[in-house]
Amino acid sequence: MRHRSVIILAFMAVVALPAVKAQAQSETDRLRDALRSATAQVRALEDQRTAVQAQLAEVTRARDALKNEVDAAKAQVKKVEADYRQAVREFNDRLEERNQTLEKWKEAYTEAATVARTKDSERAKFETESKTYKAGLNACTVKNKELVKVGRDLLERYDNLTIVDSVVAKEPLIGFQRVKVQNLLQDYGDKVLNQRVDP
């Protein structure tokens, strides 16, 4: 019986061996397919990883370029701010200098206006004095002419005086002629005094 069991087992093994072999063959094919599929997936993942690394490198380059641009822009902003501050300082300095110059001009103008007003008042005073002096000079000229007439008239009368007139003028008895001469002298004295110019 033992032998019979061994034969049955051997027979089953022979019968089952092709089935096991067929099953092993299909398992190998399945594993091969799985390996091919895994290899294809690994290759696809490698390709994706390479593409992602390339994108990462591109993004890194773009980031570095943008960082450089930002740094350059910051430096330019700092330079512009420094230039602006310098321009503001220079403008304020020029403005202060202009204000000081303007203040000096105002002072000079005020001084010149004061001098001009003083000179104008002096000119008006001198014009008034000049008019007064001219009027006085005209009056003096007129009075001088009258005085010259009085002097000539007096000299003429003196030249026309005769000895008889001088004796009659000194005649003590009647004294008419003497009164006439004194009246005449008084008239000429008044005429001379009327032509006198008071300073």
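Is Asp-120 buried, partly exposed or exposed? Asp-120 counts as partly exposed, at 41% relative accessibility, where buried means under 20% relative accessible area, exposed over 50%, and partly exposed in between, with a 1.4 Å probe and protein chains only.

Before I go on, this is a predicted model, in which local features need pLDDT of at least 70 and side-chain atom pairs count only at pLDDT 80 or more, while totals for chains, interfaces and linings use all residues. Residues are numbered from 1 along each chain as its sequence is written, and side-chain values use heavy atoms, with hydrogens and water left out.

As for confidence, the chain averages a pLDDT of 81, pLDDT being the predictor's confidence in each residue, from 0 to 100. Where pLDDT is low, the predicted coordinates should not be read in detail.

The chain has three helices and zero strands, these being DSSP runs numbered from the N terminus, H or I of at least four residues for helices and E of at least two for strands.

Returning to Asp-120, its side chain meets that of Arg-123 in a salt bridge at 2.6 Å, N to O, a salt bridge being a side-chain nitrogen of Lys or Arg within 4 Å of a carboxyl oxygen of Asp or Glu. Arg-123 also forms a salt bridge with Glu-127, the closest N and O atoms being 2.7 Å apart, and so Asp-120, Arg-123 and Glu-127 are linked in a network of salt bridges. Glu-127 and Arg-123 are four residues apart in helix 1, and are therefore separated by about one helical turn.
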